[in-house]
Amino acid sequence: MDFLNVINSRRSVRNFTSESVSKDLIAKIIEIAVKAPSACNVQGWQFVVVNSEEIKQKLVDYGGSIIIKNAPVGILVIYDNRTKNTEYHDFIQSAAAGIENLLLAATYYGLGSCWLCHLPTKRQLRKIFSIPSYFDPIAYVLLGHKQKEPMEVPRRYKTEDLVGYNKFQFNPISKNPHESSTIFRKLLVKIYYLAPLFIKKKFLNKFLDRHFVKKFDN
């Protein structure tokens, strides 16, 4: 598969077969992930490969997306947060560059993947995985063999709608349709994270998944 085919065929996949992914293939994918650029060449990535059903369930119980359990493997991407560039959070940018490489590598090897930030709090993830304070969990990537070939998802905007030369080109179509509810949603998330675990497991998680979590065809 050539470069453009990899780019054009990458999709977010949320439904997987039960077939496992070999450690050798995971290693190849992570090897490509760390070829990404990193701020000041820190190369501060760490990867936690999750294939334990017990840990996946714990992530869901503490507020992670229910689809975490769909994938045979998950990869929690972590990055060294010791940076002087607090204005632009370059450690998050470096981690994100590695995540994109990871997704493209998965596509190249015929696997499905999904970049996921619907997770427990960073504080809770640090407890679950024994992550030191100078590393930040950034995102979780679902990884596995696709249950079916995902549908193509068209881009929302034309390229010319997104590009300005020498100044920001404001375009009304770029307005966030959920802007008015953002503050309310943030408040609900805070309340959710403060709720005791037994309430999340018994009531909140199923209710939220049924009524508030967006569902996708892929």
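User: What makes the strands here an open sheet, and in what order do they come?

Analyst: In this predicted model, 4 strands form the sheet, in the order β1-β2-β4-β3, with antiparallel pairing. The edge strands are β1 and β3 (112-116), each of which pairs on one side only. Neighbouring strands are turned by 25 degrees against each other on average, direction ignored.

User: How do you know that β1 and β2 are paired?

Analyst: Two strands count as a pair if there are at least two bridges between them. β1 and β2 are joined by 6 bridges and run antiparallel, so they meet that definition. Within this pairing, W45 stands opposite Y79 in β2.

User: Which helices lie against these strands?

Analyst: Helix α4 (residues 90-108) packs on the sheet and touches β1, β2, β3 and β4. The direction of α4 makes about 10 degrees with that of β4. Helix α5 lies across β1, β2 and β4, and runs at about 75 degrees to β4.

User: Why can we say that the buried residues of α5 line one face of the helix?

Analyst: Those residues are Q124, L125, I128 and F129. Seen down the axis of α5, they fall within an arc of 115 degrees, so they line one face. Residues three or four places apart in an α-helix point the same way, because there are 3.6 residues a turn.

User: What is on the other side of α5, and what do its buried residues pack against?

Analyst: R123 and K127 are exposed on the other side; the word exposed is used for over 50% relative accessible area. The buried residues of α5 pack against β1 (45-50), α3 (53-61), β2 (73-80) and β4 (135-144).

Key: Residues are numbered from 1 along each chain as its sequence is written. This is a predicted model: local features need pLDDT of at least 70, side-chain atom pairs count only at pLDDT 80 or more; totals for chains, interfaces and linings use all residues. Side-chain values use heavy atoms; hydrogens and water are left out. Buried means under 20% relative accessible area, exposed over 50%, partly exposed in between (1.4 Å probe, protein chains only). Helices (H or I, at least four residues) and strands (E, at least two) are DSSP runs, numbered from the N terminus. The arc is that of the directions from the helix axis to the C-beta atoms. Contact means heavy atoms within 4.5 Å. Axes are lines fitted to C-alpha atoms, for helices over the stretch in contact, and angles run from 0 to 180 degrees between N-to-C directions.
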